[in-house]
Amino acid sequence: SMKSVCGFILLILLCSFSYSLDELVTQLTDPIFPDRSQSTRALVNNKRMFKAYGWQKMAMTIKNFGVKSARVEINGKFCDISSYLKSELKIFEVDISTFIRNGNDNTFSIQSIEPEKATLEVYIPYPTLGEGIPEEEGFDPKKLKKVDDFISSEIAKGFPGAGLMIVRNGKIVKK
């Protein structure tokens with residue numbers, strides 16, 4: 001039961017990043033394509049995973065170092081960047097909102113990069129949290145009130161304090 005829980009503090013630190021083109025923040029562990037060292041397992045080459053929320057607008061930033069053509073796929077869907085590659089733009093932003101889905105299982109791949117020695121650097125930002133309505137995210141406000149009451153009663157008994165935030169699908173439903 002909740003009363004048996006003693007001495008807990010839940011802290012969630014949320015960081016927002018601001019960056020210049022020289023210091024782009026990305027959730028990709030290695031943003032350079034093609035992979036510098038190819039695996040013998042061909043299906044993992046030039047692929048990355050990223051987190052996103054389907055309701056949120058998201059764009060990737062690409063730095064082009066001589067690529068004339070490439071095939072980009074996000075979650076198995078073709079993302080056409082050919083017009084950017086044909087232009088003289090060295091850095092461009094592509095809206096990927098229509099390709100993403102909720103969670104950690106978003107996949108990104110670049111194949112068929114031409115010419116051979118050219119590279120792309122891809123930056124996909126970390127998603128940010130939005131505001132949600134508890135009922136719309138599957139929470140019962142009466143049960144959330146019980147959590148508030150429990151925390152308040154423990155503080156009244158001398159517990160030094162507590163912080164609570166509940167997030168579902170990238171939306172803050174309780175804070």
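These notebook entries record what I looked up on aromatic rings and strands in this structure.

**Entry 1: the model.** I worked with a predicted model, where local features need pLDDT of at least 70, side-chain atom pairs count only at pLDDT 80 or more, and totals for chains, interfaces and linings use all residues. Residues are numbered from 1 along each chain as its sequence is written, and side-chain values use heavy atoms, with hydrogens and water left out.

**Entry 2: aromatic pairs.** I found 3 aromatic pairs in the structure. Rings of Phe, Tyr and Trp (its six-membered ring) pair if their centres lie within 6.5 Å; planes under 30 degrees apart count as stacked, over 60 as edge-to-face and the rest as tilted. One of the pairs joins Y53 and W55, stacked at 6.2 Å centre to centre with 10 degrees between the planes. I noted Y53 as buried, at 8% relative accessible area, and W55 as partly exposed, at 37%. (Buried means under 20% relative accessible area, exposed over 50%, partly exposed in between, with a 1.4 Å probe and protein chains only.)

**Entry 3: a second pair.** The planes of Y84 and F92 stand at 0 degrees and the ring centres are 4.7 Å apart, so this pair is stacked. I recorded Y84 as partly exposed, at 27%, and F92 as buried, at 4%.

**Entry 4: the sheet.** I then traced an open sheet of 4 strands in the order β1-β8-β3-β6, with antiparallel pairing. (Strands are DSSP runs of E, at least two residues, numbered from the N terminus; two strands pair if DSSP finds at least two bridges between them.) β1 (32–33) and β6 (91–95) each have a single partner strand, so one side of each lacks a neighbour in the sheet. Strands β3 (59–65) and β8 (119–123) pair over 5 bridges, and T61 stands opposite Y123 in β8.
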